[in-house]
Amino acid sequence: MNNTTSTTTARNHPHHQDLDPHDPNLTPTPYPQPHPQQSQTRRPRGFAATMATTTTSSSTSPANTNSKSRKEREKEKERTKLRERHRRAITSRMLAGLRQYGNFPLPARADMNDVLAALAREAGWVVEADGTTYRQSLPVNHVNNSHNLGQCPVSSVESPLSVSSLKNCSVKTSVDCQPSVLRIDESLSPASLDSVIAAERDIKVDKYTSISPIRSPECLQADQLIREVQTAEHGNDFSGTQYVPVYVMLATGLVDSFCKLLNPEGVRQELRHLKSLHVDGVVVDCWWGIVEGWTPQKYEWSGYRELFNIIREFEMKLQVVIAFHEYGGNDSGGVFISLPQWVLEIGKENQDIFFTDREGRRNTECLSWSIDKERVLRGRTGIEVYFDFMRSFRTEFDDFFREGLISAVEIGLGPFGELKYPSFSERMGWRYPGIGEFQCYDRYSLQNLRKAATSRGHSFWARTPDNAGYYTSRPHETGFFCERGDYDSYYGRFFLRWYSQVLIDHADNVLSLASLAFEEIQLVVKIPAVYWWYKTTSHAAELTSGYYNPTNQDGYSQIFEVLKRHLVVMKFVCPGMQLPCHEIDDASADPEALSWQVLNSAWDKGLAVAGQNAVPSYEREGLMRLVDVSKPRNDPDRHQFSFFVFQQPSDLVQRSMCFSELDYFIKQMHGI
């Protein structure tokens, strides 16, 4: 007892290191030996390991001590990096899963606070802006009882699993509630950490690979299983939600190159079919290359008037697309509609009226925006030609406008009617997921670039990038778009701002005249979804298409300010939200993150937003993802699309497979 007390006193003495070990008043008492089982405990790590090493090696020289301490610190830094990399990998997969399968509106750069808040709200909790969290939907004793009984708590009304949570409790518990078997080994390398993460993913996937044979096992998750069970038992997920009108786009090729309606009875049959599905209206493309196809300012509308009269018979709403672009390609069904012949004749003499790539090849999909104010079209500028066409349409169909049958007019502003450069032309050699090429090598664009560089005070910037790759290049294969590439240099930022400003000015100029031609008529502009290479820092594909949207810029805000000024509805081409895993990896694609950025940016500007499916779809799962985007479940501001335009599959597929699925889709959009 005395020995122990003396030892304790010596240890706790403020100057115990100065005590003389030969002092006769000090009783030497050995330190207690550790229990044999304690010697097998886990060795200390981090700072404790460093201190232990310093203590045990006190008899060595100071140089050796410093060397060992430095090595321990370096090892600890490497272990910390591995743990952080592992944590980020898991966080990234969690965020992707919550967005993809759980419909969580998480921002592109969400952190764990966003995840916790989203999960809490999904479970029925209220999370305020300052982090205050409390339960509102269920009594506390009810929640406690459910946990004590080992059951899954009932979700809130907005939860996508609210109806079937109790029925599927055993499945959800086995997948989501079991403790993770993953452990971190400090000796693992970064490559081996990735393999461990993949192994844990495969453990969960293998149990349910038979649920959806169409999808690859790597993409299957527990939330997908729950949603499939829920959809089968309780399909009306959006019953009682707000009404979103659905328009169906009629097939291209109903009117021939001489503006004659080809098959009136076939049109009536199609409209009768759509009427039975309770669609709100149809969308018709009015092609510049047909109406003003042969002679400048001579407009032929007879075929479209006959078509519109048939639509009037069925008392359906009509949206019209003013199409100033070319139509044709692999998916056109053999239909080809060029620009007006008189424009092509001008192009033979002056090829600079068309967009031009770095090799001097001309793209005839649409006119170059650089001639918007150049009198090169038989004495008229580009925007004057567009305005005359729009004014002729407004005058010709004044009776339809007065009756309110034409509900909106979409203004085509580029290839495919989308506001973008023709940077992804397959006839020029582009293949997905190529970054595309800049389209600014015509004479008028280069003159504009020289003027911009001179006004900036750097005339040597009046050049195009010489290291931006080709149509099929990847970002890392170029010096301009690679990590820390020239896109973020002083010259690169100047060039990309100029390139994007040409697109913005074109939209502003054409919409200013469209507002005059279509007073008090709702105008629509279609915005593309360029989602490949979205996970890279440069966002190369967006840059070549005209959207200056790298990771440190918002490439949509300034464009949406122009649309807001003209009171335009932004129609977003909703991409396929669930790409194959190999496609995401190969192209660093993130369609969902892009969609959230575009939609939230538009809503923040106060724009009305509409949607359109990118590719025809007849599978229920794909259609329900479109409903999810149109009516975000957990949006606190209750945003939703003003309307949705549905592109139909081919007639054969539609008749044999798509009728019931399209009927289901429309009911979900209508909230029935």
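Begin by selecting Arg-361 and Asp-357, whose side chains meet in a salt bridge with N and O 3.1 Å apart; a salt bridge here is a side-chain nitrogen of Lys or Arg within 4 Å of a carboxyl oxygen of Asp or Glu. This is a predicted model, in which local features need pLDDT of at least 70 and side-chain atom pairs count only at pLDDT 80 or more, while totals for chains, interfaces and linings use all residues. Residues are numbered from 1 along each chain as its sequence is written, and side-chain values use heavy atoms, with hydrogens and water left out.

Of this pair, Asp-357 is buried at 0% relative accessible area, whereas Arg-361 is partly exposed at 30% (buried means under 20% relative accessible area, exposed over 50%, and partly exposed in between, with a 1.4 Å probe and protein chains only).

Next, select Arg-443 and Asp-352, a salt bridge whose closest N and O atoms are 3.5 Å apart. The pair links distant parts of the chain, 91 residues apart, with Arg-443 in helix H15 (residues 443-456) and Asp-352 in the loop between helix H12 (341-349) and strand E6 (354-356); helices (H or I, at least four residues) and strands (E, at least two) are DSSP runs, numbered from the N terminus. Arg-443 is partly exposed at 39%, and Asp-352 is buried at 13%.

Then move to helix H21 (residues 620-630), where Glu-621 and Arg-625 lie four residues apart, about one turn of the helix, and form a salt bridge of 3.5 Å, N to O.

Finally, select Arg-305, Arg-312, Glu-396, Asp-399 and Glu-403 together, which are linked in a network of salt bridges. The count for the model comes to 27 salt bridges.
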